[in-house]
Amino acid sequence: MSEEARRYLVAYDSPSDQRRERLAHTLERFGDRVQYSVFVVDVRPAKLVRLRTELEVLIDRSQDSVLVADLGVFGAVGRRFEFLGRRADPMTRGPVVI
Amino acid sequence: MTAPGEDDQLTIGLVAHHVFCPRRAWLEAQGEKTDTRQMAVGIREHQASDSPSSSRSRVLRALDVRSDDLGVTGRCDTVEVAADGALTVVEHKATPVRRRAEVTPPMRVQLALQARCLREMGREVWGTAIWFVSHGERVPVDLTARDDELAEVEVAATRLTIGRSDAPDPLEDDPRCSRCSHIGVCLPDERALEPVPRRIIVADPDAQVVHLATPGARASTRQGRLLVDHRGERLASLPLERVQGVVVHGNVDLSAALIRELLWRGLVVIWCSSRGRVIGWAASAKSPNGSTRTRQHEQAAHGRLDLAREFITAKVANEATFVRRHGAAAGIVRRLRELSRAATQAPTVGQVFGIEGDAAARYFEYWPSMVPEAFTGRDARAIWDRTRRPARDPLNAALNFVYGMLVADTLRAVLACGLDPHAGFLHSSGRNKPALALDLCEEFRTPLAESTVLRAINNGELGIDDFSDVLGAVALRDRGRKALIEAYERRVEERITHPVFHYEVTWRRAIEVQARLILGVLEGSQSRYVGIRIR
């Protein structure tokens with residue numbers, strides 16, 4: 001289970017302000033917001049299971065929707081993103097020197 | 001036989017893991033945690049259950065159970081309560097789809113213990129089952145008296161195992177290892193110090209070391225993110241789950257809330273001076289492998305000449321290979337190799353150091369010829385030497401700085417194992433420096449620190465104007481410091497084939513593996529330590 005990091009796109013929708021906010025809070029901890037309710041999460045599958053479990057606890061299964069799209073191993077997919085208009089690049093996988 | 005006391009309580013999960021592998025249970029009891037373990041925990045906390053149950057049953061989730069007789073506690077994923085009050089215990093398992101939905105011995109023991117607890121609590125257990133979440137399959141499990149007996153025996157065996165001070169041996173050539181969450185800390189195949197057949201091993205984590213290097217900046221946390229601000233400008237915002245550790249360079253402020261958050265997650269914060277010296281660190285209160293740490297202190301006091309020798313043997317061998325690659329004359333290379341061999345036989349730690357010093361003198365003598373003259377100081381090529389502090393030329397300043405980052409990495413690796421950074425085997429613990437962290441640095445100085453500096457200079461990432469000179473004391477400027485950190489990070493995240501085990505890891509992960517090898521040597525599961533030698 002300890003494979004390579006993969007890029008996941010996580011998008012959510014909910015009629016409840018409170019639940020949307022909680023979903024965003026959780027996702028802010030794991031990945032980066034690229035649009036209002038769309039996040040990019042670059043993690044190994046084991047970490048994604050943890051994220052998914054946290055999200056599942058938060059949602060109302062009858063009203064809310066969370067999409068988790070597996071975009072593949074990060075190295076292969078990193079450059080496939082194209083932004084039209086305002087960019088919101090996710091965190092780099094390179095050196096983090098601030 | 002008296003019932004076990006409060007302190008002797010075992011969790012049902014631990015006993016089940018003991019059935020799987022005694023070493024696995026021992027590692028867990030020692031406090032070793034891994035990211036993949038969260039997977040098992042995560043499924044248990046999964047509230048929404050798709051398990052089909054009789055429509056007339058009520059379903060209880062996350063029910064805590066205990067047996068004072070056996071001294072076990074546990075939590076049942078779900079317990080279905082029929083109209084007449086009879087219970088069906090259903091345990092959720094996240095067995096991957098590619099494997100069969102099969103009830104294993106650990107699962108049987110787990111169910112048997114859960115049922116036993118419930119019966120002791122006065123409830124009648126009608127049946128037990130496993131719900132395979134990924135397969136969507138519910139498999140009933142018929143427990144017999146034999147299962148109960150086995151479970152009881154296993155509880156006693158587990159108690160015995162975790163009471164030991166030395167770790168049980170790892171399984172040999174067992175396919176179960178490849179799906180064990182603790183493979184990265186157990187390192188089962190590494191005992192033989194031979195190439196390891198391809199296993200799923202974490203080549204590198206999905207989180208990064210964050211370097212804070214803008215003087216006057218302030219790092220804080222909000223909503224699960226690490227934020228860095230400087231004079232009102234937001235420099236960075238990162239998700240905390242992507243942080244592997246933090247290194248603070250110079251005058252950067254960390255909020256107390258951020259430090260607390262990092263420690264809570266088991267992440268280490270290391271503070272370095274702007275010149276690279278490690279000033280101090282903060283680590284979590286939870287530190288695994290307490291019993292081995294005791295052994296470490298005993299052995300550090302007693303001395304382990306074998307470790308001291310190997311650290312320097314590997315270091316000098318790497319110095320030899322390095323200068324050979326950079327065109328050194330055969331004479332220097334040969335002399336260094338002779339010294340490396342001599343280190344294997346050195347009769348005392350003092351002699352080991354003597355050899356190390358001799359090698360260093362010859363090795364650094366060669367250095368000025370590898371870099372542009374300006375870096376070794378005005379017309380100093382003939383008389384450049386490796387002075388530590390204060391640095392009198394850019395080359396020394398750069399080396400000092402990068403060594404600091406290497407120490408931060410070895411420190412983190414040592415702390416992750418639960419070893420005490422201050423109790424070393426080559427460097428003296430009595431000199432108030434993190435001796436073990438410095439010991440672990442030795443074999444990596446050349447391939448990681450010195451090679452980074454050389455590369456950065458020779459490909460122009462680091463220039464002369466990245467340094468300031470104040471009355472003969474040379475220091476890195478901010479931009480140069482950042483360039484050097486980036487160069488080091490790129491180097492340390494490069495993948496290599498581990499020379500002994502032959503699997504691919506990043507250099508940083510290799511440091512962690514070597515730290516665990518030291519741990520293995522100290523706890524007795526590893527016969528000897530083999531340092532990393534570059535080719």
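**Exercise 1. Work out the strand order and pairing of the open four-stranded sheet in chain A.**

*Solution.* Start with the order: the strands, DSSP runs of E with at least two residues, numbered from the N terminus, are arranged 2-3-1-4 with antiparallel pairing. Two strands pair if DSSP finds at least two bridges between them. Next, find the edges: strand 2 (32-35) and strand 4 (65-73) of chain A each pair on one side only. Neighbouring strands of this sheet are turned by 25° against each other on average, direction ignored; the axes are lines fitted to C-alpha atoms, for helices over the stretch in contact, and angles run from 0 to 180 degrees between N-to-C directions.

A word on the model: it is predicted, with local features needing pLDDT of at least 70 and side-chain atom pairs pLDDT 80 or more, while totals for chains, interfaces and linings use all residues. Residues count from 1 along each chain as its sequence is written, chains are lettered from A and ligands numbered from 1 in the order written, and side-chain values use heavy atoms, without hydrogens and water.

**Exercise 2. Which residue of strand 4 of chain A stands opposite A:Tyr8?**

*Solution.* First take the pair: strand 1 (residues 6-13) and strand 4 of chain A run antiparallel over eight bridges. Then read across: A:Tyr8 faces A:Asp70.

**Exercise 3. Is B:Ser67 buried or exposed?**

*Solution.* Locate B:Ser67 in strand 2 (residues 58-67) of chain B. Its relative accessibility is 0%, so B:Ser67 counts as buried (under 20% relative accessible area; exposed is over 50%, partly exposed in between; 1.4 Å probe, protein chains only). Finally, list its contacts (heavy atoms within 4.5 Å): leaving out residues up to four places away in sequence, B:Ser67 touches B:Val72, B:Cys117 and B:Glu120.
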